[in-house]
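Welcome! Please open your viewer, load the model and get ready to select residues as we go.

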Amino acid sequence: MNRLIALDMLRGYALVSIMINHMPISVLRGTTLPNFSIFDASEMFVLLSGFLVGLVWRSVENREGRRMAQRRFARRAFEVWRAMLIGAVLMALLSAALLALDRPHTAIWNQYAIWILENPLGFLGTVATFWVQPNIIDVLAVYVILITLSVVVVPLMLHWPLIVALGSVLLWWHAPELNAMIPNHRTENGFLFNPFGWQMLFYTGTAIGLYRQTIMAVLWPWRHVLTVLAIGMFAFGSAIVIGARIGEPALAFRQALMQVYGTIDKWSLDGTRYLAIVAAAWLVSVPLARPMEWLAATRPGVALQQIGKGGLFAFVACVLLSVLGDAFQMTPADQPTWRRLAVDLWACVALWWVSALWLEHGAPWQRARKARRA
């Protein structure tokens with residue numbers, strides 16, 4: 001399976017965007033996806049992750065059989081769960097160290113720092129069982145669930161794709177009430193990233209990865225119409241965001257749009273955000289495919305590729321750098337713009353640097369396993 005360099009670049013951009021967006025007074029935060037689209041890096045990360053599952057599953061199953069594909073993704077679910085635990089512990093310890101050094105930060109809840117010091121095993125246990133899902137890391141919790149279920153869902157998708165699609169839509173439709181039945185530390189129960197809602201986006205990506213050639217053969221004659229519709233959907237989502245940023249002067253405009261989309265609920269993944277990210281995926285992969293490939297081959301694109309290839313290590317690094325960057329920007333207070341921008345740039349370069357080092361020197365067991373397969 002040949003690597004899709006634009007896919008790696010977009011995964012890298014999603015991680016950079018997640019990092020910057022969790023630094024509340026970041027300068028670059030004003031340039032990220034949520035400022036001009038109704039969706040953000042979370043939707044991009046989940047859709048691309050699902051697409052990668054479908055792509056890799058098809059390749060492994062064709063080469064080594066279905067059992068091997070199931071074993072591979074069962075192991076992957078464990079790796080994501082392990083990364084969630086490691087990331088949560090490191091993030092809480094970093095928060096505790098920063099607070100001890102009188103470095104306040106608001107990127108994460110400071111209670112994690114108290115818990116990790118008072119009861120480290122208890123904190124680890126609550127994260128391991130999903131009872132507590134620390135912010136920034138919380139997207140990995142739903143990722144563990146969805147990859148684990150893919151061991152069963154993907155074979156069903158290969159046999160009965162339409163039935164699986166219908167079941168996915170039904171789960172999404174009833175996502176809020178289903179999620180409220182899952183007990184945890186939150187007052188309203190359930191996961192922050194509702195797995196019953198976000199599964200539809202993840203498995204949409206998986207289906208595209210599994211059936212991309214068949215899907216493109218069917219859609220290609222309609223590509224111009226679909227491109228116009230995709231531009232319209234993306235523009236509609238952008239209009240919602242722009243109207244909200246304008247505020248009171250755009251109240252009539254916002255109310256008119258609300259008659260169409262109803263409500264926006266990121267945590268259960270409302271239909272508007274879902275359609276907007278799917279429309280963006282069409283635009284990036286069809287009319288903008290060549291510009292994306294060119295951009296991925298540039299120096300910034302290659303750097304983003306390296307971050308994207310860094311996988312779970314890069315994700316944990318982006319979480320820690322969010323907390324660290326936020327603390328640097330908040331102390332001393334009222335920093336000039338150039339100093340906060342310097343922290344933004346430092347965090348981006350640091351994320352690239354540690355990802356590149358990891359690709360070069362990290363995870364020797366993974367390289368050995370790939371060598372054995374080859």
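Predicted model: local features only at pLDDT ≥ 70, side-chain atom pairs only at ≥ 80, totals over all residues.

Residues are numbered from 1 along each chain as its sequence is written, and side-chain values use heavy atoms, with hydrogens and water left out.

**Stop 1: H6 and H9**

Select residues 138-159, helix H6, and residues 195-219, helix H9. Helices here are DSSP runs of H or I with at least four residues, numbered from the N terminus. Two packed helices are described by the angle between their axes and the distance between the axes. For H6 and H9, the axes come within 10 Å and cross at roughly 50°; axes are lines fitted to C-alpha atoms over the stretch in contact, with angles from 0 to 180 degrees between N-to-C directions. H6 and H9 are therefore oblique to each other (angles under 35 degrees count as roughly parallel, over 145 as roughly antiparallel, 65 to 115 as roughly perpendicular and the rest as oblique).

Now show side chains. Among the H6 residues that meet H9 are Val-142, Leu-146 and Val-153, and the H9 partners include Trp-198, Phe-202 and Leu-210; contact means heavy atoms within 4.5 Å. By class, the contact of H6 with H9 has 17 nonpolar, three polar and no charged residues (Ala, Val, Leu, Ile, Met, Phe, Trp, Tyr, Cys and Pro count as nonpolar, Asp, Glu, Lys and Arg as charged, and the others, Gly among them, as polar).

**Stop 2: H2 and H3**

Next, pick helix H2 (residues 41-64) and helix H3 (residues 66-100), whose axes are 7 Å apart at an angle of about 140°. That makes H2 oblique to H3. Which classes of residue make up the contact of H2 with H3? There are seven nonpolar, one polar and five charged. Look for Trp-57, Glu-61 and Arg-63, which are among the H2 residues there, and for H3 residues including Arg-66 and Phe-73.

**Stop 3: Tyr-112**

Select Tyr-112 in helix H4 (residues 111-118). Is Tyr-112 buried or exposed? Tyr-112 is buried, with a relative accessible area of 5%; buried means under 20%, exposed over 50% and partly exposed in between, using a 1.4 Å probe and protein chains only. Its side chain joins that of Asn-135 in a polar contact of 3.0 Å (a pair of N or O atoms within 3.5 Å; within protein, one must be able to donate a hydrogen and the other to accept it, and residues adjacent in sequence count only if both atoms are side-chain atoms).

**Stop 4**

Move to the loop between helix H11 (251-261) and helix H12 (271-285), where Ser-268 lies. Ser-268 is buried at 12% relative accessible area. Its side chain makes polar contacts with the side chains of Asn-194, at 3.1 Å, and Asp-265, at 3.4 Å. In the loop between H11 and H12 you will also find Leu-269, which has a positive phi of about 60° although it is not a glycine.

**Stop 5: More backbone details**

Most residues other than glycine have a negative phi, and most peptide bonds are trans. Ile-136 has a positive phi, near 80°, and is buried at 3% relative accessible area. Finish at Thr-331 and Pro-332, joined by a cis peptide bond with omega about 0°.

How values were computed. Helix = DSSP H or I, 4+ residues; strand = E, 2+ residues; numbered from the N terminus.
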